[in-house]
Amino acid sequence: MRSIWNGAISFGLVSIPIKLVNATESHAVSFRQVHTEDNGRIRYRKVCELEDREVTQSEIGKAYEGADGEMIPITDDDLSHLPLPTARTIEIVAFVPADRIDPLQMDAAYYIAAAGAPAAKPYTLLREALKRSHKVAIAKFALRGRERLGMLRVVDDVIVLHGLLWPDEVRAPEGVAPDVDVTVRDKELDLADALMDTLGEVDLNDLHDEYREAVEEVIAAKAAGETPPAAPAPAGDGKVLDLMAALEKSVREARESRGGAGEAEVRNLHGRGTPKETGARKSTSRTAAKKTASARKSTSKAGESKGAAKKTTAKSTSKATEKKTAAKKAPAKKRAASGKRSA
């Protein structure tokens with residue numbers, strides 16, 4: 001993998017030469033803009049508005065637009081001589097527990113590679129120190145023209161740098177939550193809890209981008225001159241008319257999709273009073289009653305079968321006994337007859 005940034009990690013007085021490598025990649029399907037009449041490519045041209053002519057990349061630079069519209073030129077040389085210790089260094093400033101990092105701040109991820117054999121020892125030292133402390137390192141670094149906040153953690157035997165948004169870049173969630181008073185009943189929470197238990201966990205490796213696959217199927221069909229696959233019928237209009245019924249149905253369908261049988265058990269949330277019987281519990285009771293009745297019938301039939309088997313065995317035993325008795329009597333009669341002839 002090609003490195004995108006070379007520098008060093010500053011760990012107190014320890015300096016670790018490193019390289020940054022992108023840890024993620026995008027598999028999204030990209031499209032081009034075309035003229036709908038003839039499929040001609042639509043391209044954007046860079047034009048100087050003062051000269052009204054197209055300019056080349058070598059003629060393009062950077063500038064900051066002031067409040068009065070004045071353009072203040074800024075060169076790459078100006079940016080490369082910024083008085084910042086993080087210009088070519090990932091400077092570790094603190095070590096904190098991982099749960100102190102708000103996931104809202106998480107940004108792009110990079111693998112950190114040791115740059116050469118001399119960097120292997122200090123790299124391994126930092127990696128093992130992070131492992132043993134169960135903490136992450138908070139660092140500052142400069143990348144792509146701006147100073148950034150970052151978090152260093154260990155994945156397998158590699159140190160990973162996660163870019164973090166600055167705290168003031170995360171918006172406060174004001175006005176986002178529902179602004180109406182809603183009361184959630186214990187029964188609804190119990191069903192929601194049962195649904196969560198039924199859905200359970202998932203191996204993220206089993207998940208994939210179904211939208212991308214569907215787009216690729218459409219592209220393949222159109223390239224072959226075939227009709228693209230039709231979209232499935234929508235599951236519903238998205239309106240929840242009866243929350244309890246929707247929860248019960250969700251639990252049932254989730255249970256069936258997991259290959260389970262019967263209804264999911266609805267448990268009370270910890271610390272809550274015992275709610276009234278829910279539809280799911282009543283259904284569970286009815287199902288259990290049916291199973292019990294079925295089991296009794298099966299037991300009764302099994303008993304009858306055993307009884308019949310006993311009778312058959314008894315008859316067979318009786319016949320076998322009669323045959324043995326007859327066999328014993330036969331030699332006795334023969335001996336008696338032989339005795340008379342001798343006399």
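Q: Hi! How many bridges join β9 to β10, and do they run parallel or antiparallel?
A: Hi! In this predicted model, strands β9 and β10 (residues 146-155) run antiparallel and are joined by seven bridges.

Q: Which residue in β10 is the bridge partner of I138?
A: That partner is M151.

Q: And what sits between the two strands?
A: β9 and β10 form a hairpin, with two residues between them. In the turn, R144 has a positive phi of about 55°.

Q: Which sense does β9 use when it pairs with β7?
A: β7 (residues 89-97) and β9 pair in the antiparallel sense, over six bridges. As an example to look for, F95 has A137 in β9 as its bridge partner.

Q: What does the pairing of strands in a sheet go through, by the way?
A: Strands of a sheet pair through backbone hydrogen bonds, and the pairing can be parallel or antiparallel.

Q: Is β9 mostly covered or mostly open?
A: Mostly covered: of the nine residues in β9 (residues 135-143), seven are buried.

Q: OK, zooming out. Which strands make up the barrel?
A: Seven strands form a closed barrel, in the order β1-β2-β8-β11-β10-β9-β7, and their pairing is mixed. If you ignore direction, neighbouring strands of this sheet are turned by 40° against each other on average.

Q: How do β2 and β8 pair?
A: Strand β2 (residues 14-22) pairs with strand β8 (residues 106-114) in the antiparallel sense, over five bridges. There, K19 has A113 in β8 as its bridge partner.

Q: Which residues of α2 are buried?
A: They are P122, Y123, L126, R127 and L130. Looking down the axis of α2, you would see these buried residues fall within an arc of 135°, so they line one face of the helix.

Q: And which ones are exposed on the other side?
A: K121 and R132 are exposed there.

Q: What follows α2?
A: H134 does, and its phi is positive, near 55°.

Q: Last bit, the whole chain! How many helices and strands are there?
A: The chain has six helices and 11 strands.

Q: What share of the residues is buried?
A: Of the 343 residues in the chain, 19% are buried.

Q: And how much accessible surface is there?
A: About 26,600 Å² for the chain, with 54% of that belonging to carbon and sulfur atoms.

How values were computed: Residues are numbered from 1 along each chain as its sequence is written. This is a predicted model: local features need pLDDT of at least 70, side-chain atom pairs count only at pLDDT 80 or more; totals for chains, interfaces and linings use all residues. Side-chain values use heavy atoms; hydrogens and water are left out. Buried means under 20% relative accessible area, exposed over 50%, partly exposed in between (1.4 Å probe, protein chains only). Helices (H or I, at least four residues) and strands (E, at least two) are DSSP runs, numbered from the N terminus. The arc is that of the directions from the helix axis to the C-beta atoms. Accessible areas come from the Shrake-Rupley method with a 1.4 Å probe; for residues, only the protein chains shown count as cover. Two strands pair if DSSP finds at least two bridges between them. Axes are lines fitted to C-alpha atoms, for helices over the stretch in contact, and angles run from 0 to 180 degrees between N-to-C directions.
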